[in-house]
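Here is a short tour to read alongside the model on your screen. Keep the viewer open and follow along as we move from the whole chain to a few of its details.

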Amino acid sequence: MSFTQRIRLRADAIWKASHDHPFVQGIGNGTLPKESFKYYMKQDYKYLIEYSKVMAMGAVLAPDLKTMSGFATALEETLNTEMELHRTYAERLGVSREELEATVPGPVTLAYSSAMLAEAQKGSLAELIASILPCAWSYYEIGKALAALPGALDHEYYGEWVRMYSSEDFGSIADWLIATLDQLAESKSAEELDRLEAIFINTSRYEYMFWDMAYKQESWPVA
């Protein structure tokens, strides 16, 4: 069993809860309330800005040009493909570019992105990847699972989201991060591997919390 297989197994209950969450299932069957999706798009846009910063830090920590190129590709995909999807949806939802940019991160958004940035700033490249891998990997898993549902890929509203996250282009980033983390893990001690697992579990929890926050449209208790 590879290291990433080990940590994916450890996080299985959390990931199953994310797969089964009514927000995720609502995208697949088309029943998700548009207001929840609108809230999600705005919050995820702000999250992806911080996620992109972590990707850029990965290029800085990369030990060779091949790894730098991998992070550059992932950063390009996030900034100019994934975030463009959010901008397109925002326009359809009546959210201006200015409003999207001015979105105030909610509690979970801020906590999640701050946790990723902290790991990237204080840790190794392996810790950086462990912090962002649940996002890339679980979205690809979810995208493929939803794509298998009848009509999900062609849904007039959510089909574009499903097509994006089930695509091979998106999946290739997750696959690259998995392979890179497995390679880095080969030289780690048992204690270091446990640390990487703990990071992966924590950000997997944040992934579930993000879906739940968006579904409930949770914001700060005082404006």
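## Surface and overall build

The chain has an accessible surface of about 10300 Å², and carbon and sulfur atoms hold 54% of that area. Please keep in mind that this is a predicted model.

What does the secondary structure come to? The chain has 11 helices and zero strands.

Of the 223 residues in the chain, 51% are buried. Contacts reach across the sequence too: among those with a separation of 6 or more, 84% join residues 24 or more positions apart.

## Helix α3 and its surroundings

Helix α3 covers residues 22-29, and its buried residues are Phe23, Val24, Gly26, Ile27 and Gly28. Which elements do these buried residues pack against? Their partners are α2 (12-20), α4 (34-61), α8 (125-147), α9 (159-165) and α11 (190-216). Just after α3 comes glycine 30, with a positive phi of about 80°.

One of the residues to look at next is serine 36, which is found in helix α4. Is serine 36 buried or exposed? Serine 36 counts as buried because its relative accessibility is 2%, and the cut-off for buried is under 20%. Apart from neighbours within four places in sequence, serine 36 is in contact with Phe23, Ala214, Tyr215 and Gln217. Phe23 in that list is also one of the buried residues of α3.

Glutamine 217, another of the contacts of serine 36, sits in the segment after α11. Glutamine 217 is partly exposed, with a relative accessible area of 35%. The phi of glutamine 217 is near 55°, a positive value in a residue other than glycine. For background, most residues other than glycine have a negative phi.

Two spaces in the model deserve a look. The table sets out their volumes and the classes of their lining residues.

| Space | Volume | Lining by class |
|---|---|---|
| Largest pocket | About 210 Å³ | Five nonpolar, three polar and two charged residues |
| Largest cavity | About 40 Å³ | Five nonpolar, one polar and one charged residues |

To find the largest pocket, select Pro63, Asp64, Lys66, Thr67, Leu125, Trp176, Ala179, Thr180, Gln183 and Leu184, which line it. The elements giving two or more residues to this lining are α5 (65-92) and α10 (168-185). Which helix gives the largest share? That is α10, with five residues.

How many cavities of 30 Å³ or more are there? The count comes to one. The lining of the largest cavity consists of Tyr51, Thr78, Glu82, Cys135, Ala136, Phe170 and Ile173. At least two of its lining residues come from each of α5, α8 and α10.

Technical notes: Residues are numbered from 1 along each chain as its sequence is written. This is a predicted model: local features need pLDDT of at least 70, side-chain atom pairs count only at pLDDT 80 or more; totals for chains, interfaces and linings use all residues. Side-chain values use heavy atoms; hydrogens and water are left out. On a 1 Å grid over the protein atoms alone, a cavity is a set of points where a 1.4 Å probe fits but cannot get out, and a pocket is an open set with protein on both sides within 12 Å along at least five of seven lines; lining residues have an atom within 4 Å of a point. Grid points are joined across faces, edges and corners, and a volume is the space filled by probe spheres set on the points. Helices (H or I, at least four residues) and strands (E, at least two) are DSSP runs, numbered from the N terminus. Ala, Val, Leu, Ile, Met, Phe, Trp, Tyr, Cys and Pro count as nonpolar, Asp, Glu, Lys and Arg as charged, and the others, Gly among them, as polar. Buried means under 20% relative accessible area, exposed over 50%, partly exposed in between (1.4 Å probe, protein chains only). Contact means heavy atoms within 4.5 Å. Accessible areas come from the Shrake-Rupley method with a 1.4 Å probe; for residues, only the protein chains shown count as cover.
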